[in-house]
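The structure comes first, and the description follows.

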Amino acid sequence: MTGVIKNAASAVATAMSDAKTKDMQRNIIDPGNTERKGQNLDYGPYISDTDNWLKITNGTNSGPSLLEDQVAREKIMRFDHERIPERVVHARGAGAHGVFRVYDDRASKYTYAPVLTDPSRETPTFVRFSTVQGSRGSADTVRDVRGFATKFYTQEGNWDIVGNNIPVFFIQDAIKFPDFVHSVKPEPHNEVPQGQSAHNNFWDFVGLQPESAHMVMWVMSDRAIPRSYRTMQGFGVNTYTLMNSKGERFFVKFHWTPELGVHSLVWDEALKIAGQDPDFHRKDLEEAITNGAYPKWKFGIQVIPEANEHDFEFDILDATKLWPEDLVPIEYLGEMTLNRMVDEYFPEVEQVAFCTSHVVPGIGFSDDPLLQGRNFSYFDTQISRLGVNWQELPINRPVCPVLNNHRDGQMRHKITKGQINYWPNRKGTLPPVSTENGGYAEFQQKVEGIKHRVRGSKFQEHYNQAQLFYNSLAPHEKAHLIGAISFELSHCDDPVVYQSYTKILNNIDFDLAKQIALNVDGTIPEAPGRPNHGKVDKTLSQAHYIPSEPTIKSRRIAILVADGFNASEVLAIRATLKAGMATTWLIGPRRGKVYPAGQVVGEGEGMVADHHYEGQRSTMFDALIIPSGAEHVQRLSANGRAVHWVREAFGHCKVIGAVGEAVTFLREAVSLPGVQFQSAPGSDSVVTSYGVVTTGTYGVTNAAAEPFKIAVGDKGFLANFAYELSKHRCYERETDGLVERVAF
């Protein structure tokens with residue numbers, strides 16, 4: 001009887017379970033059902049083209065995109081409203097306040113915008129840096145594009161440059177943006193991976209979308225793992241226009257070039273930091289500003305007169321293409337400095353909202369099809385995320401007066417007096433402002449063509465600039481790119497995906513495709529998909545941006561110590577490096593007092609270590625110095641973590657300095673392959689070998705005779721050390737095979 005009851009109860013439970021399953025089935029749609037013809041609009045009709053925004057075109061050149069396109073509007077608007085309140089993309093970010101000033105009025109021949117022509121102005125700015133793919137909880141150092149969005153609070157209103165640290169993008173037409181983001185985001189069936197693009201869907205999409213080839217090369221390069229926000233370039237990506245006081249129009253791209261050069265992490269380091277300190281980049285920004293090492297960028301423009309729009313083999317309105325600097329040089333107009341951190345993260349960094357459509361008189365839009373869609377999408381997105389009155393929030397509010405007939409809506413802040421809220425009105429309240437008196441003027445562009453979902457003929461070429469980028473990389477950058485693509489494709493478990501992408505790569509470079517195919521078990525090509533044109537542009541390599549005046553400003557230098565170290569030496573080193581605006585950090589066996597030679601451990605005054613060996617790893621620093629001291633070096637030699645500290649720094653190509661007995665520690669305990677050391681005890685001559693700088697002695701006397709400088713020579717330990725550090729890394733260790741001989 002008991003069994004019968006149990007069986008009955010089980011049957012009821014099963015029936016209830018089946019009932020819910022059947023109930024859920026009403027909402028389950030299988031896109032793979034072969035009986036379905038294809039995509040529909042939400043209100044029913046089938047979609048004939050989901051790749052091209054309806055635009056006016058003569059069949060060769062793109063014209064303006066049309067707002068009447070219900071397919072594009074529905075696709076973009078549905079995408080814009082997918083998530084609240086977190087941003088769909090660029091969710092994880094950090095920000096800071098700053099100022100912008102132009103050098104002179106040299107840009108007046110292109111534009112009448114005072115923000116770009118009036119050197120007496122100092123324009124407040126706010127910059128938000130971000131990753132694209134991950135959520136707010138993802139790590140800073142993942143491989144990804146970085147957002148570089150700048151809000152200028154000009155006297156004429158807000159101007160937003162909603163840019164990235166890469167000058168091109170994955171797609172040509174904004175209608176494809178939902179597809180791209182869906183593909184790169186965590187896969188919908190399991191919500192992984194977070195904060196990276198190494199998965200089937202992303203590589204499937206870009207493998208079927210050849211226009212992405214150029215951008216993929218950039219994202220797989222070192223550009224996607226920057227050392228800091230402060231060492232990133234910024235690009236406006238899209239093509240805008242400038243108009244001067246004569247009514248002449250120019251096409252323009254915007255550029256930010258960092259004072260400190262363009263530098264990156266290495267991949268192993270980026271992976272480790274993601275776990276050790278997922279907030280690495282935002283902490284770095286705050287540390288630099290707090291210490292007065294304000295981040296600075298030169299602001300430049302590339303300009304093409306309207307008459308020369310079609311003089312290039314590529315379409316200048318194609319966002320998957322850059323304008324090579326040998327064809328269109330950058331003209332630097334001014335400088336931006338970030339000098340103040342936010343007071344509260346949420347109301348400033350999280351609630352700041354940018355729009356590509358926010359421009360001021362003298363700056364306008366082109367028919368760039370990605371920009372046309374972004375102008376619609378960004379405004380719509382901010383309404384979804386922050387409400388219709390988002391521009392009244394303090395961080396978004398213009399510094400100039402704002403008066404209009406907009407009223408009501410969620411979270412309205414303004415209280416507008418009076419009985420008039422429309423135009424025209426009997427009292428003449430708030431009339432439009434003529435362009436002669438400062439009203440925004442649109443360029444009177446002639447448009448001809450037919451309505452059609454097509455792209456211009458120049459938009460059909462996808463590989464020339466991908467080749468140009470790859471050809472222009474330094475040897476270590478090419479090796480890093482090959483390693484990155486190999487890593488990413490090795491995480492794709494569908495052979496169709498990684499085999500397909502090797503075919504794309506074969507249209508960029510035959511040897512590149514072969515090497516990656518070997519690494520990921522792809523289809524090894526037998527012949528080039530297309531010839532490599534062999535052209536090079538030196539400005540595409542990060543190595544081109546080493547500052548003309550060497551600097552170690554804001555560099556983080558670890559001083560590795562154990563009990564028994566040389567205290568006077570450490571004090572002299574710290575004082576000298578501080579003069580170069582670098583920061584030094586004492587890393588010891590404990591966080592607390594570490595005792596120099598001559599002091600009894602636990603009884604002397606000691607020096608306080610900032611971190612212990614386990615609390616901060618070498619990955620958190622740009623360089624490493626080990627002072628002298630026989631007892632201290634003996635303790636380091638017996639500590640596996642200390643030995644690993646140095647080997648890891650060496651493997652990540654960082655500069656290493658050592659004095660006295662510490663040189664023996666490097667040579668014997670750490671065993672750095674291929675490196676030459678200073679072997680004369682007590683000598684102050686300097687040996688530099690593969691970024692390892694060694695000397696026999698350094699102390700107060702040396703520091704007094706060696707005011708801070710950055711130089712190369714047989715004398716001056718810190719001058720040589722600073723010079724090696726100013727180069728960021730010693731990548732010759734990689735290219736000469738030293739790194740692969742060290743376990744780290």
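## Crossing of α5 and α13

The crossing of α5 and α13 is left-handed, meaning that the near helix is turned anticlockwise from the far one by less than a right angle. The axes of α5 (residues 200–208) and α13 (residues 495–506) come within 9 Å and cross at roughly 35 degrees, where axes are lines fitted to C-alpha atoms over the stretch in contact and angles run from 0 to 180 degrees between N-to-C directions. Contact (heavy atoms within 4.5 Å) is made by N200, W203, D204, V206 and G207 of α5 and by V497, Y501 and I504 of α13.

## Basis of the model

This is a predicted model, in which local features need pLDDT of at least 70 and side-chain atom pairs count only at pLDDT 80 or more, while totals for chains, interfaces and linings use all residues. Residues are numbered from 1 along each chain as its sequence is written, and side-chain values use heavy atoms, with hydrogens and water left out.

## Helix α17

Helix α17 (residues 640–651) has twelve residues and spans 16 Å from its first C-alpha to its last, close to the 16 Å expected at 1.5 Å a residue. Its buried residues are A642, V643, W645, V646, E648, A649, F650 and G651, buried being under 20% relative accessible area with a 1.4 Å probe and protein chains only.

At the start of α17, a side-chain oxygen of N639 comes to within 2.9 Å of the backbone nitrogen of R641. Just after α17, C653 has a positive phi of about 65 degrees.

## Residue T583

T583 lies in strand β15 (residues 583–588) and is buried, with a relative accessible area of 15%. Leaving aside neighbours within four places in sequence, T583 is in contact with E287, N291, R555, R556 and I557.

Notes. Helices (H or I, at least four residues) and strands (E, at least two) are DSSP runs, numbered from the N terminus. The expected span of a helix is 1.5 Å times one less than its number of residues. Buried means under 20% relative accessible area, exposed over 50%, partly exposed in between (1.4 Å probe, protein chains only). A polar contact is a pair of N or O atoms within 3.5 Å; within protein, one must be able to donate a hydrogen and the other to accept it, and residues adjacent in sequence count only if both atoms are side-chain atoms.
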